[in-house]
Amino acid sequence: MIVFKLPYIMYRAYPNFGYLTDNRNYGYDTASMSRLKVGDLLLSKTGSVFYSQLSNTPKKMEDIIGSLCELFADVPNATIKADAVKFFTLLHSKGFVYLGEEVDFTEIRNQYFSYDKVQPYVLQASDKLETQKTYESTFGMDYRLTRLHVDISSRCNENCVHCYIPTCKKRSIMTEDMFDVILRQSKVMNILNITISGGEPMLNPSLNSFLQKCKVNNLSVNLLTNLTLLTEDLLDIISDNPLISVQTSLYAMDEKIHDAITQQHGSFKKTISAIKRLREKNVPLQINCPIMKLNSKQYIDVLNYAKSLNIEADSDYLLYGCYDFSKSNLSCRLDIDEIEHIVHEKLSKPIDFDNIKEKVEIKKVEAENPICPVCKNSLCISNTGDVYPCEGWQSLIIGNLKEQSLSELWENSVIINRLRSLDFKDFPKCNSCPDKKYCNTCLVMNANEDVNGNYMNVNTFQCEAARVKHRQMKMKGLGN
């Protein structure tokens with residue numbers, strides 16, 4: 001009988017316990033939500049020692065028991081054997097390890113994710129309750145850094161009309177030394193997920209190396225890329241690691257419209273080709289379709305295309321300005337009348353797999369509720385080591401990793417603590433607004449579209465969009 005770690009499971013050791021989780025909170029699903037979800041699990045201190053005997057390659061149960069008997073020399077061998085069999089049988093039943101005879105790895109992996117599955121795997125209610133209670137009782141309300149958004153290249157081979165990165169900033173790439181600093185500090189803080197982005201991350205010649213290092217460190221990776229530079233070597237690395245998911249933007253199924261948005265001739269064909277190659281390799285994908293003036297009539301075609309391939313997809317019309325406060329990219333943003341048409345269209349003819357925000361994001365809002373999740377469990381890092389609160393908010397620099405560690409910033413930064421403390425009551429206009437349940441309040445939009453970068457100055461565009469959403473949902477009998 002053999003036992004081995006499953007390749008899509010992450011483990012983190014804490015002083016008095018161990019924590020197991022799968023990639024479900026970080027990677028992408030299929031459009032039919034068919035991916036196996038096994039949840040989270042806490043291990044006792046002894047359980048952590050048992051689990052640490054496993055490796056990424058199969059081990060015989062008797063060899064594991066032999067190692068444990070050496071570690072627990074004062075415990076009878078029969079007791080160790082019984083406990084080990086019981087422990088690994090439990091983990092196998094919950095989907096965290098494999099216990100059994102020699103098997104084909106491909107089949108094990110396909111149980112976790114496959115585009116060919118069309119029936120969702122659903123956790124039992126008792127499993128969900130156990131996972132949630134375990135997580136909350138262990139980590140409580142403390143802010144725990146679990147995600148990093150890392151821009152390894154501000155350069156890009158496309159020049160998308162809606163991009164929030166000012167042209168003058170699209171110059172540099174992250175060094176291997178800086179990425180190593182991030183990985184070392186991520187290990188110290190037990191970070192689970194790194195989003196590798198840009199610019200275009202494939203312009204960084206060290207990307208292959210970065211991804212391999214993430215694998216060694218058992219990190220979940222989301223790779224945000226336009227896919228036009230995908231090579232066979234990179235495809236092999238991505239498809240070899242079940243902890244890697246890929247997100248790309250597709251603006252239309254009309255080549256001319258897509259290329260007009262990217263301002264790069266031939267980009268549509270390259271992106272479509274790469275999507276097909278990744279899907280053939282069974283790599284989890286998400287297609288994003290930002291909606292703007294150029295593609296407001298074509299975004300549904302993109303969602304239908306994704307659905308036809310069982311690929312998760314999303315669309316959004318709330319674009320925000322460049323972080324140099326110029327708003328130079330917003331001429332392509334929909335005006336309020338156009339947004340009302342999109343909301344009406346989504347409510348009238350929803351794509352059945354699409355996470356229709358108009359349906360699910362009716363929030364219960366109280367004065368004490370946080371205004372924004374920023375700095376609760378994530379941070380962003382530029383290619384030069386600057387740390388900032390959120391993607392697109394590079395004007396608000398919290399610190400630099402050349403001068404301070406992530407843990408120091410996370411625990412002691414005045415800016416971070418201020419952002420965490422913001423509630424609806426700090427925004428009287430929002431707190432008393434009749435449309436607040438329908439608003440995607442965004443501090444980045446506030447900051448980037450204020451001439452002085454003032455994130456406390458509520459952006460009226462968000463107010464108008466919320467009003468439209470509220471009105472349309474009320475007309476459909478979905479709001480009040």
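**Cysteines, helix pairs and a loop**

Modeller: Happy to! Let's start with Cys380: its sulfur has its closest cysteine sulfur in Cys390, 5.7 Å away, which is too far for a bond. Please keep in mind that this is a predicted model.

Cys439 gives us a second case to look at. The closest cysteine sulfur to that of Cys439 belongs to Cys463, at 6.1 Å, again too far for a bond. Cys439 is buried too, and its relative accessible area is 10%. By the distance rule, the disulfide count comes to zero.

The crossing of α12 and α18 is right-handed. On the α12 side, the contact is made by Ile336, Ile339, Glu340, Val343, His344 and Leu347. From α18 come Phe461, Glu464, Ala465, Val468, Lys469, Arg471, Gln472 and Met473. Sorted by class, the contact of α12 with α18 has eight nonpolar, two polar and four charged residues.

Helix α6 (residues 176-188) and helix α7 (residues 207-216) have axes that come within 11 Å and cross at roughly 15°. Angles under 35 degrees count as roughly parallel, and α6 and α7 are therefore roughly parallel to each other. Their crossing, like that of α12 and α18, is right-handed. Glu176, Phe179, Asp180 and Leu183 of α6 meet Ser209, Phe210, Lys213 and Cys214 of α7. By class, this contact of α6 with α7 has four nonpolar, one polar and three charged residues.

Finally, here is the loop residue you asked about. Asn282 sits in the loop between α10 (267-280) and β11 (285-290). Asn282 is buried, with a relative accessible area of 16%; the cut-off for buried is under 20%. Setting aside neighbours within four places in sequence, Asn282 is in contact with Arg109, Asn110, Phe113, Ser114 and Tyr115.

Notes:
Residues numbered from 1 in each chain as written. Predicted model: local features only at pLDDT ≥ 70, side-chain atom pairs only at ≥ 80, totals over all residues. Heavy atoms only, no water. Axes fitted to C-alpha atoms, helices over the stretch in contact; angles between N-to-C directions. Helix = DSSP H or I, 4+ residues; strand = E, 2+ residues; numbered from the N terminus. Parallel < 35°, antiparallel > 145°, perpendicular 65-115°, else oblique. Left-handed = near helix turned anticlockwise from the far one by under 90°. Contact = heavy atoms within 4.5 Å. Nonpolar A, V, L, I, M, F, W, Y, C, P; charged D, E, K, R; others polar. Buried < 20%, exposed > 50% of the residue type's maximum accessible area, 1.4 Å probe, protein only. Disulfide = S-S within 2.5 Å.
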